[in-house]
Amino acid sequence: MSARILVVDDTPLNVKLLAAKLARDYYIVSTAENGVEALKKVAAEKPDIILLDVMMPEMDGFETCEKLKADPATAHIPVIMITALSDVADRVKGLAAGADDFLGKPINDVALMARIRSLLRLKVLMDEWRLRETSAQQVAPFPQPHGGEADIGEGRILIVDDAPSDIEAIRDTLKAIAPHVAHVPSVAEAETALAADDYDVVFASIDLREEDGLMICPRLRSSAAGRHVPILLLANQGETERVAKGLDLGANDYLMRPFDAQELFARARTQLRHKRNYDMMRDGFEKNIKMALVDPLTDAFNRRYLDAHLPRFLQHAAEQRKSLSVQMLDIDHFKKVNDTHGHAAGDAVLREVARRIVSAIRPSDFFVRMGGEEFAVIMPETQLPNAEKIAERLRHSIAATPVPLPDGGELPVTISIGIADTRPDLESAPNRVFERADAALYRAKQDGRNRVITDKSA
Ligand SMILES: [Mg+2]
């Protein structure tokens with residue numbers, strides 16, 4: 001996976017070495033000598049990942065990172081901080097500034113490449129959601145349902161390990177951010193646990209006695225329940241090659257024994273934050289799609305949905321040589337409801353009529369608000385007599401009981417319905433079915449309303 005990487009370091013030799021290493025792996029590298037220049041380059045070049053030295057004149061790595069993470073335009077770009085190997089306080093400070101990862105100097109090549117690949121995978125995923133969200137916004141522009149970062153809240157953690165000391169250390173250290181901790185001794189049990197319950201982070205030992213702990217990566221990444229859960233590997237000193245393998249197989253980060261409590265806490269919180277941001281992105285997307293395709297007052301699909309899906313319905317009916325029936329429904333004298341009782345009463349009538357329509361039709365039917373007081377029901381694989389029976393039941397369910405109004409009163413309401421179908425032997429084109437149902441609805445209105453008229457013309 002190729003990507004653009006920005007290397008920020010005030011020491012020319014460091015920049016040169018790092019840039020050469022990255023270029024050998026076909027990354028596109030650009031460089032900056034300090035924080036100020038880095039912010040300019042990030043704005044101009046939108047890199048996929050940033051390698052950021054901590055000790056720099058003018059603006060140090062912490063401040064640069066904070067600025068990047070505070071700007072919504074750059075907050076999603078992963079930052080790897082480069083710190084002196086021994087300085088745990090710096091690492092923790094870096095993660096607190098919003099860094100996604102850090103590497104010690106001198107830089108271990110295997111760890112560097114593995115970290116870059118792991119963060120790039122995450123970024124590709126997030127970019128995809130961001131793109132989908134933007135597309136949903138373009139279909140129907142709504143204000144962003146959220147902004148900035150998700151709350152970390154209380155995390156749920158799954159530990160896959162057969163060493164009690166590991167489990168205890170993790171449980172103790174993460175008490176404040178993860179009160180729910182479960183542990184299992186094997187990869188198979190981890191899969192079962194994830195399928196049954198939601199977890200935010202998986203800690204997985206690669207040193208299990210009975211099996212190869214690295215199997216957790218391909219297992220989870222190929223299962224629906226485990227595909228997006230962050231995996232933090234637990235390894236012994238000197239296992240860098242196996243850790244790198246794990247990161248390549250889809251793990252997100254790792255910790256070396258003996259665990260440093262601050263580092264453990266900081267890394268867990270970073271993964272938790274990634275998970276929350278990912279969840280928020282996905283939820284925002286689903287909400288946007290729903291807002292774009294569903295009428296908020298009645299929960300019916302809107303015309304946009306109908307226009308997008310009608311060709312598929314018609315094509316399916318033609319291929320199966322089956323009838324598709326369409327009902328057009330209109331609330332009688334609805335204008336009078338609004339004029340006499342006000343818009344709140346009008347909305348109550350629309351909502352209640354929609355509710356009764358939904359309870360009268362079948363799960364396989366599609367309910368659409370065409371606009372104003374006009375609705376449609378698309379009934380796949382339904383012949384006219386059956387459609388008429390359902391329409392008559394629906395008309396009755398509305399006329400039989402007055403609609404309660406917000407002011408405590410109630411109002412008798414009736415609807416008129418026109419029906420048409422797309423029998424395969426009909427001469428008229430299938431896409432004229434709405435026009436014909438609409439013409440039938442018009443006749444129902446002409447004939448005195450509160451009735452069902454079926455199109456027999458075609
Ligand atoms: Mg420096």
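This is a short tour of a predicted model, one selection at a time.

**Stop 1: the domains**

Start by colouring three stretches: domain 1 (1–107), domain 2 (147–289) and domain 3 (303–454). Now look at where domain 1 meets domain 2. Their C-alpha centres are 25 Å apart, and the contact uses 7 residues from domain 1 and 8 residues from domain 2. Select helix α4 (residues 88–96) next: with 4 residues, this helix gives the largest share of the domain 1 side. What kinds of residues are on that side? You'll find 4 nonpolar, no polar and 3 charged.

**Stop 2: a parallel sheet**

Show the strands β7, β6, β8, β9 and β10. In that order, these 5 strands make an open sheet with parallel pairing. As background, strands of a sheet pair through backbone hydrogen bonds, either parallel or antiparallel.

Which strands stand at the edges? They are β7 (180–184) and β10 (253–257); each has a single partner strand, so one side of each has no neighbour in the sheet.

Zoom in on some pairs. Strand β6 (residues 156–160) is joined to β7 over 5 bridges, and L158 has A182 in β7 as its bridge partner. Strand β8 (residues 201–205) pairs with β9 over 4 bridges, and here V202 stands opposite I231. Stay on β9 for a moment: 5 of its 6 residues are buried.

**Stop 3**

In soluble globular proteins, nonpolar side chains tend to be buried together. Select I417 and I419 to find the largest nonpolar core here: it has 38 residues, and these two touch the most other members. Elements that each supply at least two residues include β11 (325–331), α14 (384–399), β16 (415–421) and α15 (433–446).

Keep I419 selected and show what surrounds it. Among its contacts beyond four places in sequence are V326, L384, A391, A440 and V452. Some of its other contacts are S325, Q327, E388 and D455.

Then jump to the other core, which lies apart from this one and has 36 residues, including A114, L158, I159 and A235.

**Stop 4: two helices side by side**

Pick helix α12 (residues 334–341) and helix α13 (residues 343–360). They pack at an angle of about 140°, and their axes are 6 Å apart. On α12, show V337, N338 and H341; on α13, show H343, A345, G346 and V349. That contact has 3 nonpolar, 4 polar and no charged residues.

**Stop 5**

Most residues other than glycine have a negative phi, and most peptide bonds are trans. Let's visit some exceptions.

- Go to P106, in the loop between β5 (101–105) and α5 (109–139). The peptide bond from K105 to P106 is cis, with omega near -5°.
- P258 is in the loop between β10 and α10 (261–293). The bond from R257 to P258 is cis, with omega near -5°.
- D299 is in the loop between α10 and α11 (303–320), and its phi is positive, near 65°. D299 counts as partly exposed because it has 14 other C-beta atoms within 10 Å.
- E381 is in the loop between β13 and α14, with a positive phi near 50°. With 13 C-beta neighbours inside 10 Å, E381 is partly exposed too.

Conventions:
Residues numbered from 1 in each chain as written. Predicted model: local features only at pLDDT ≥ 70, side-chain atom pairs only at ≥ 80, totals over all residues. Axes fitted to C-alpha atoms, helices over the stretch in contact; angles between N-to-C directions. Contact = placed C-beta atoms within 7 Å. Nonpolar A, V, L, I, M, F, W, Y, C, P; charged D, E, K, R; others polar. Domains from an automatic or database assignment. Pairing = 2+ DSSP bridges. Core = buried A, V, L, I, M, F, W, Y, C linked by C-beta atoms within 7 Å. Buried ≥ 20, exposed ≤ 12 C-beta atoms within 10 Å, placed from the backbone.
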